[in-house]
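Hi everyone, thanks for coming. I'd like to take you through a few local features of one model, and then through some helix packing.

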Amino acid sequence: MGKRFDTKSVHLSKINDKTINSKSTPIYQTSAFKFRDLEDMENFYQGKNDYLYTRVGNPNTDELGEAVAQLEGAPKGVAASSGTSAILAGILAVAKQGDHIVAATDIYGGTYQLLAGELADLGIEVSFVDFVGSEQVADHIKSNTKLIYSESVANPLLRTEDIASLAEIAKQHQLVLMIDNTFATPYLCRPYESGADLVVHSATKYIGGHSDVTAGVLAGRADLIDIANQKIGNLGCNLSPFEAWLTCRGLKTLSVRMERHVKNAQQLADALKENKAIQKVYYPEHVSPQGNGAIVSIDISGLCSIEKFFQSLDWIKIVPTLAGVETSVSYPAGTSHRAVPEQARKKLGITEGLIRISVGIEDAADIIAGVEHALEESRHKQG
Ligand SMILES: *Cc1c(COP(=O)(O)O)cnc(C)c1O
């Protein structure tokens, strides 16, 4: 019987060790798996045994890949050592030297570096395009284009992508559509169900959820996941069993965490829209019936001292990441988008006064009071 999302995320374990009967999945902290005899070894290569060597496959990493695939509604998934390596494996499953990728301009800074730096060095050409209206994308497609790459909710200005129209264009031109779903999570958005071929996650963020693990997952079309899986083994960017286990542990509470994250973020965004110390509040609308995400960005340019704001945060942590259970703030111009050239950054609206708030699962009133206090302390006094 098909289970609903909240139930699936809790009951994701496929591993059932009949000899020990542990309730939670054991950690298979092993670099290799033993064989009884040569026939048993041969069975691995015939596809009858699952495991040989952890770099090319491990029950814990498989559990994570399959669990995220299930939540995304995709046939198959694979885990990798980070979001970045999952992105790399997904891209290399589709594009090689001489091929071309069309990517959104406002993608995560690290992904921008991967595409514009590393992949360009490998001879994979990339065009960066503002995906506001899909005609723009079609204009950039060439005879060697293989892949369209974007994010369901982009960072830090929280632009939402029209995945169904992108999928339409990808289909017309026989291209693969790959979507980074890190910010939305499958709780809010399921790009595969809207026609994307590959969905990627930095599981370092909401999937893990506790800021204690670096991991990535790629889910999507089975033929592409099989190739990506091989790439992960060949490149050695497999996830460790313990990190996979921790990430699966986090995934079980994805629904309840997201429910609170999103509720708190909506309340914070609503409160800050009334605040005179802010130029602009960025918080998307109509992302999904479950809510609009857990990240709120604010621009305080000209109204507050950015240094003073960060000094006045009290219990709210300053960290260059997001999506933990604790509320934290980051400074995109100084961290996630540091690598993006200043000109491009300005064009994207990532000003020197932009602050990204990753809203945690604490009491919403405390979060609002904490941010409002920092704004009050840092506000330029009128003469
Ligand atoms: C963090 C992040 C990544 C990179 O993930 P890592 O796990 O740090 O490699 C990619 N995309 C988005 C949207 C992210 O937030």
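Let's start with Ala203, which sits in the loop between strand E6 (198-202) and strand E7 (216-220). The strand and helix labels are DSSP runs numbered from the N terminus, with helices being H or I of at least four residues and strands being E of at least two.

Before going on, a word on where this comes from: this is a predicted model, so local features need pLDDT of at least 70 and side-chain atom pairs count only at pLDDT 80 or more, while totals for chains, interfaces and linings use all residues. Residues are numbered from 1 along each chain as its sequence is written, and side-chain values use heavy atoms, with hydrogens and water left out.

Back to our alanine: is Ala203 buried or exposed? Ala203 is buried, at a relative accessible area of 0%. Buried here means under 20% relative accessible area, exposed means over 50%, and partly exposed is in between, with a 1.4 Å probe and protein chains only. What does Ala203 touch, leaving aside neighbours within four places in sequence? Its contacts are Gly208, Gly209, Ala215, Gly216, Val217 and Thr247, where contact means heavy atoms within 4.5 Å. As for Leu188, 15 residues away along the chain, its C-alpha atom is 15 Å from that of Ala203.

Now for some backbone angles. Most residues other than glycine have a negative phi. Ser211, in the loop between E6 and E7, has a positive phi of about 55° although it is not a glycine. Ser211 counts as partly exposed, at 47% relative accessibility. Ala323 also has a positive phi, near 80°; this residue lies in the loop between strand E10 (317-318) and strand E11 (328-330). Ala323 is buried, with a relative accessible area of 1%.

On to the rings. Rings of Phe, Tyr and Trp (its six-membered ring) pair if their centres lie within 6.5 Å; planes under 30 degrees apart are stacked, over 60 edge-to-face, and the rest tilted. By this rule there are seven aromatic pairs. In one of them, the ring centres of Phe33 and Tyr51 are 5.4 Å apart and the planes are at 35°, so the pair is tilted. Phe33 is in the loop between helix H1 (5-10) and helix H2 (38-45), and Tyr51 is in the loop between H2 and helix H3 (59-72), so the pair ties together parts 18 residues apart in sequence. Both Phe33 and Tyr51 are buried. Elsewhere, Phe309, Phe310 and Tyr331 form one aromatic cluster.

Last topic: helices. Two packed helices are described by the angle between their axes and the distance between the axes. Axes are lines fitted to C-alpha atoms, for helices over the stretch in contact, and angles run from 0 to 180 degrees between N-to-C directions.

Helix H11 (residues 254-272) and helix H14 (residues 364-378) have axes that come within 9 Å and cross at roughly 35°. On the H11 side, Asn264, Gln267, Leu268, Ala271 and Leu272 meet Ala364, Ile367, Ile368, Val371, Glu372 and Leu375 in H14. By class, that contact has eight nonpolar, two polar and one charged residues. For the classes, Ala, Val, Leu, Ile, Met, Phe, Trp, Tyr, Cys and Pro count as nonpolar, Asp, Glu, Lys and Arg as charged, and the others, Gly among them, as polar.
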